[in-house]
Amino acid sequence: MFPATLRVGVWYIAALCPHCKRLIPLFRDLTQGASNFRGSYQMTCPECKHKGVFEGQHYKPSATECLPEVANVQSASQADESNLA
Ligand SMILES: [Zn+2]
């Protein structure tokens, strides 16, 4: 049900847990956040197990929310560029 990995710069439709306020990515947003998306989902939070109606919203994860390995690669390449300059 959930995307296997979050990618930087990719939009998702995510549901906001009303209990723990955690955003749960549901699926890719193929409109890149452009659509007037409105929706609510009857589901159970994978974090706090709260069951209820979750408000859906657009969500684009930042680098810090994605895989740590990716962030490390990016910061390492930036350091190399500053060394060359
Ligand atoms: Zn929750």
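Visitor: Which residues make up the largest nonpolar core?

Guide: W11, Y12, I13, A14, A15, C17, I24, F54 and Y59, nine residues in all. This is a predicted model: local features need pLDDT of at least 70, side-chain atom pairs count only at pLDDT 80 or more, and totals for chains, interfaces and linings use all residues. Residues are numbered from 1 along each chain as its sequence is written.

Visitor: What makes that set a nonpolar core?

Guide: The term covers buried Ala, Val, Leu, Ile, Met, Phe, Trp, Tyr and Cys residues joined through C-beta atoms within 7 Å. The nine listed residues make up the largest such set here. In soluble globular proteins, nonpolar side chains tend to be buried together.

Visitor: Which strands supply at least two residues of this core each?

Guide: Strand 1 and strand 4 (51-59). The largest share, four residues, comes from strand 1. Strands here are DSSP runs of E, at least two residues long; helices are runs of H or I, at least four; both are numbered from the N terminus.

Visitor: Why is I13 called buried?

Guide: Count its neighbours. I13 has 21 other C-beta atoms within 10 Å. A residue is buried at 20 or more, exposed at 12 or fewer, and partly exposed in between, with C-beta atoms placed from the backbone. I13 therefore counts as buried. I13 is found in strand 1. Across the protein, 13% of the 85 residues count as buried.

Visitor: What is I13 in contact with, leaving aside its neighbours within four places in sequence?

Guide: L26, F27, D29, F37, G56 and H58. Contact means that the C-beta atoms, placed from the backbone, lie within 7 Å. Take H58: it is 45 residues from I13 in sequence, yet the C-alpha atoms are 4.9 Å apart.

Visitor: What share of the protein's contacts with a separation of 6 or more joins residues 24 or more positions apart?

Guide: That share is 54%.

Visitor: How do you know that strand 1 and strand 2 pair?

Guide: Count the bridges. Five join strand 1 (residues 12-16) to strand 2, and the two run antiparallel. Pairing takes at least two bridges found by DSSP, so these strands pair. A14 has P25 as its bridge partner in strand 2. Y12 stands opposite R28 in strand 2.

Visitor: What makes strand 3 and strand 4 a pair?

Guide: Five bridges again, and again the run is antiparallel. M43 has G52 in strand 4 as its bridge partner.

Visitor: Why are strand 2 and strand 3 called edge strands?

Guide: The open sheet of four strands has the order 2-1-4-3, with antiparallel pairing. Strand 2 (23-28) and strand 3 (40-44) each pair on one side only. From one strand to the next, the twist averages 40°; axes are lines fitted to C-alpha atoms, and angles run from 0 to 180 degrees between N-to-C directions.

Visitor: In what order do the elements run from the N terminus on?

Guide: β-β-β-β-α. That comes to one helix and four strands.

Visitor: What is the phi of K21?

Guide: Near 65°, a positive value in a residue other than glycine. K21 sits in the hairpin of strand 1 and strand 2, which has six residues between the strands.

Visitor: Is K21 buried or exposed, and why?

Guide: K21 has 9 other C-beta atoms within 10 Å, so K21 is exposed.

Visitor: What about the turn between strand 3 and strand 4?

Guide: That hairpin also has six residues between its strands, and K49 in the turn has a positive phi of about 65°. K49 has 10 C-beta neighbours inside 10 Å, so K49 counts as exposed. K49 and C20 are 29 residues apart along the chain, with 9.5 Å between their C-alpha atoms.

Visitor: Why is Q32 called exposed?

Guide: Q32 has 12 other C-beta atoms within 10 Å. The exposed class includes that value, so Q32 belongs there. Q32 lies in the loop between strand 2 and strand 3. Q32 has a positive phi of about 55° although it is not a glycine.

Visitor: What is the mean pLDDT of the protein?

Guide: The mean is 80, and 73% of residues reach 70 or more. pLDDT is the predictor's confidence in each residue, from 0 to 100. Over residues 70-77 it is below 50, and this stretch has four contacts in the model beyond near neighbours in sequence. Where pLDDT is low, the predicted coordinates should not be read in detail.

Notes
Contact = placed C-beta atoms within 7 Å.
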